[in-house]
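Biologist: Please show me the model, and then let us go through it by question and answer.

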Amino acid sequence: MKSEHKCCSRIGPFYSKRICGKTAKFEHEGKHYCGLHHPPAVKDRKAKRDEEWSRQYEARRSQEQAAERIRLDKEFRAASYPELLAHLQNVLNAWDSVCSGKGWEPDHLVQMRDARAALRRMTGSA
Ligand SMILES: [Zn+2]
């Protein structure tokens, strides 16, 4: 039996709305709709679209956060470089002193302690 009802959905841009008029396949709350404009189908498509947008948004946000972590890490390393060079120089000076037979000087021990503290602060180890 062919439906004699037509889809009552209003479609098109706001300035030229028109009635869909396709043969209705569904009835919803007393009105008739084609498969495309049946309100539950419209709602399902919107939910899927929203879910996909949300997934894409989260993926993009996650990528941006990872990029920001990398940027901050590079910034931290660059800022730490001069201090690390200074500690390395102090450690080598102390090593040279020990190797040349002059032995440990009090400053060397303080510098070694400072170098170790800096390394611990920067890496969480040492
Ligand atoms: Zn329709």
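Biologist: What share of the contacts in the chain with a separation of 6 or more comes from residues 24 or more positions apart?

Modeller: This is a predicted model: local features need pLDDT of at least 70, side-chain atom pairs count only at pLDDT 80 or more, and totals for chains, interfaces and linings use all residues. Residues are numbered from 1 along each chain as its sequence is written. Two residues are in contact if their C-beta atoms, placed from the backbone, lie within 7 Å. Among contacts in the chain with a separation of 6 or more, residues 24 or more positions apart account for 26%.

Biologist: How far apart are the C-alpha centres of domain 1 and domain 2?

Modeller: The domain assignment, which is automatic or from a database, gives domain 1 (1-37) and domain 2 (38-123). Their contact takes five residues from domain 1 and five residues from domain 2. The C-alpha centres of the two domains are separated by 59 Å.

Biologist: What distance separates the end C-alpha atoms of helix α1?

Modeller: The expected span of a helix is 1.5 Å times one less than its number of residues. For the 61 residues of α1 (residues 39-99), this should come to 90 Å. The end C-alpha atoms agree with that, at 85 Å apart.

Biologist: At which residue does α1 bend by about 40 degrees?

Modeller: The bend at a residue is the angle between axes fitted to the seven residues ending there and the seven starting there. A proline, Pro82, follows within four residues of the bend. The bend of about 40 degrees is at Tyr81.

Biologist: How many of the 61 residues of α1 are buried?

Modeller: A residue is buried if 20 or more other C-beta atoms lie within 10 Å of its own, exposed if 12 or fewer, and partly exposed in between, with C-beta atoms placed from the backbone. In the chain, buried residues make up 7% of the 126 residues. Helix α1 is hardly covered, and its count of buried residues is one.

Biologist: Is His38 buried or exposed?

Modeller: His38 sits in the loop between β4 and α1. Leaving aside neighbours within four places in sequence, His38 is in contact with Phe26, His28 and Tyr33. Because His38 has 20 C-beta neighbours inside 10 Å, it counts as buried.

Biologist: How far apart in space are Ala117 and Phe26, C-alpha to C-alpha?

Modeller: Ala117 belongs to helix α2 (residues 106-123), and it counts as exposed with 12 C-beta neighbours inside 10 Å. Along the sequence, Ala117 and Phe26 are 91 residues apart. In space their C-alpha atoms are separated by 74 Å.

Biologist: What is the phi of Glu29?

Modeller: Glu29 lies in the loop between β3 (26-28) and β4 (31-33). Glu29 is exposed, with 6 other C-beta atoms within 10 Å. Although Glu29 is not a glycine, its phi is positive, at about 50 degrees.

Key:
Helices (H or I, at least four residues) and strands (E, at least two) are DSSP runs, numbered from the N terminus.
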